Amino acid sequence: AALVASESLPQAMFSVVACGYLADLLGGGPRGMLALVCGWIFLLARAVSSRVLVRGRGFTFFFCFAMTMVGLLSILTVRSYLGVGAVAFWAQTKVVVGDALVTALLAPLLFTVFRATDARFARTRRERETLRQGYLS
């Protein structure tokens, strides 16, 4: 997250899609599915976070829950379009909501760690304080 946030849009998009494709290859799913979904979610999350300041534990929880739900529902949509892994709707819904909750619960802790790491490597004192408050990450 911190690595991608500091890069330009094309570099960050390439990194996200490459990680998604690598996950496709290692996970055994349809090639390109996670690359497509990761790219879509990256663009959506970047657009939203450029307009809204993602700060505070509650908003970070909500933001990560919403982005995870959109991502997982996108994966289910692509999988159903491709005819891969058709499972009962309620079984998929439980997994999607559970994954989104776990991601959202861990997100505030990870955002704090990322901000502390960014602040540790900041060049100036002002940049360090700004990063600790979460304005640049």
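Predicted model: local features only at pLDDT ≥ 70, side-chain atom pairs only at ≥ 80, totals over all residues.
Helices here are DSSP runs of at least four residues, numbered from the N terminus.

Confidence comes first. The protein has a mean pLDDT of 80, with 84% of its residues at 70 or more. Among the elements, the lowest mean pLDDT, 48, belongs to helix H1 (residues 2-5), while H2 has the highest, 90.

Helix H2 spans residues 9-27 and helix H3 spans residues 33-51. The axes of H2 and H3 come within 7 Å and cross at roughly 145°, and this crossing is right-handed. On the H2 side, the contact is made by Leu9, Ala12, Met13, Val16, Val17, Gly20, Tyr21, Ala23 and Asp24. These residues meet Met33, Leu34, Ala35, Cys38, Gly39, Phe42, Leu43 and Arg46 of H3. Sorted by class, the contact between H2 and H3 comprises 13 nonpolar residues, two polar and two charged.

Gly32 sits in the loop between H2 and H3. Its relative accessibility is 24%, so Gly32 counts as partly exposed, given that this class lies between the limits of 20% and 50%. Once neighbours within four places in sequence are set aside, Gly32 is in contact with Tyr21 and Asp24. Both Tyr21 and Asp24 also take part in the contact of H2 with H3.

Technical notes. Residues numbered from 1 in each chain as written. Heavy atoms only, no water. Axes fitted to C-alpha atoms, helices over the stretch in contact; angles between N-to-C directions. Helix = DSSP H or I, 4+ residues; strand = E, 2+ residues; numbered from the N terminus. Left-handed = near helix turned anticlockwise from the far one by under 90°. Contact = heavy atoms within 4.5 Å. Nonpolar A, V, L, I, M, F, W, Y, C, P; charged D, E, K, R; others polar. Buried < 20%, exposed > 50% of the residue type's maximum accessible area, 1.4 Å probe, protein only. pLDDT = per-residue confidence, 0-100.
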